[in-house]
Amino acid sequence: MASIPETHAVNLFLNGGRVTSGFRSSLFDAANRAGMSVNEFVITAAAEKLMQRGASFPGVFRKGDFERARAA
């Protein structure tokens, strides 16, 4: 069976996450201030944490994506 290259785009499905309404409001507000969707905001936050731990995932983000998220 052939493996999918790590740079191939795939869907990410997240289900079952439950938070308080205050957390959700803060999340939507922060994403809006950053000028991105909630999905983009959450994926960027996860990517920043993964990068801090030494993970590498080429082809997902462009130069400046993380600076834009930090400015929010």
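Does Leu12 count as buried or exposed, and at what relative accessibility? In this predicted model, Leu12 counts as exposed, at 56% relative accessibility. The points below take up that residue, the pockets and the salt bridge.

1. Leu12 and the nonpolar patch. Leu12 is placed in the segment before H1. Together with Leu14 and Ile43, Leu12 makes a nonpolar surface patch of about 310 Å². Leu12 counts as exposed because its relative accessibility of 56% is over the 50% cut-off.

2. The largest pocket: extent and centre. The volume of the largest pocket is about 650 Å³. Its lining is made up of 22 residues, and those nearest the centre are Leu12, Ile43, Phe57, Val60 and Phe61.

3. The largest pocket: elements and classes. Two elements give two or more residues to the lining of the largest pocket, namely helix H2 (38–52) and helix H3 (65–70). H2 provides the largest share, six residues. Sorted by class, the lining of the largest pocket holds 12 nonpolar residues, five polar residues and five charged residues.

4. The second largest pocket: extent and centre. The second largest pocket contains about 370 Å³ of space. It is lined by 15 residues, and Leu14, Gly17, Leu27, Val38 and Val42 lie nearest its centre.

5. Helix H1 (21–34) and H2 each give at least two residues to the lining of the second largest pocket. H2 also contributes to the lining of the largest pocket, with six residues. By class, the lining of the second largest pocket comprises nine nonpolar, four polar and two charged residues.

6. The salt bridge. The count comes to one salt bridge. It is formed by Asp29 and Arg33, whose closest N and O atoms are 3.0 Å apart. Side chains of opposite charge can pair when their charged atoms come close. Because Asp29 and Arg33 are four residues apart in helix H1, about one helical turn separates them.

7. Exposure of the paired residues. Asp29 is partly exposed, its relative accessible area being 39%. Arg33, by contrast, is exposed, with a relative accessible area of 52%.

Definitions and conventions: Residues are numbered from 1 along each chain as its sequence is written. This is a predicted model: local features need pLDDT of at least 70, side-chain atom pairs count only at pLDDT 80 or more; totals for chains, interfaces and linings use all residues. Side-chain values use heavy atoms; hydrogens and water are left out. On a 1 Å grid over the protein atoms alone, a cavity is a set of points where a 1.4 Å probe fits but cannot get out, and a pocket is an open set with protein on both sides within 12 Å along at least five of seven lines; lining residues have an atom within 4 Å of a point. Grid points are joined across faces, edges and corners, and a volume is the space filled by probe spheres set on the points. Ala, Val, Leu, Ile, Met, Phe, Trp, Tyr, Cys and Pro count as nonpolar, Asp, Glu, Lys and Arg as charged, and the others, Gly among them, as polar. A salt bridge is a side-chain nitrogen of Lys or Arg within 4 Å of a carboxyl oxygen of Asp or Glu. Buried means under 20% relative accessible area, exposed over 50%, partly exposed in between (1.4 Å probe, protein chains only). Patches are made of residues with over 30% relative accessible area and no salt bridge: like charges are joined within 9 Å, nonpolar side chains (Val, Leu, Ile, Met, Phe, Trp, Tyr) within 5 Å. Accessible areas come from the Shrake-Rupley method with a 1.4 Å probe; for residues, only the protein chains shown count as cover.
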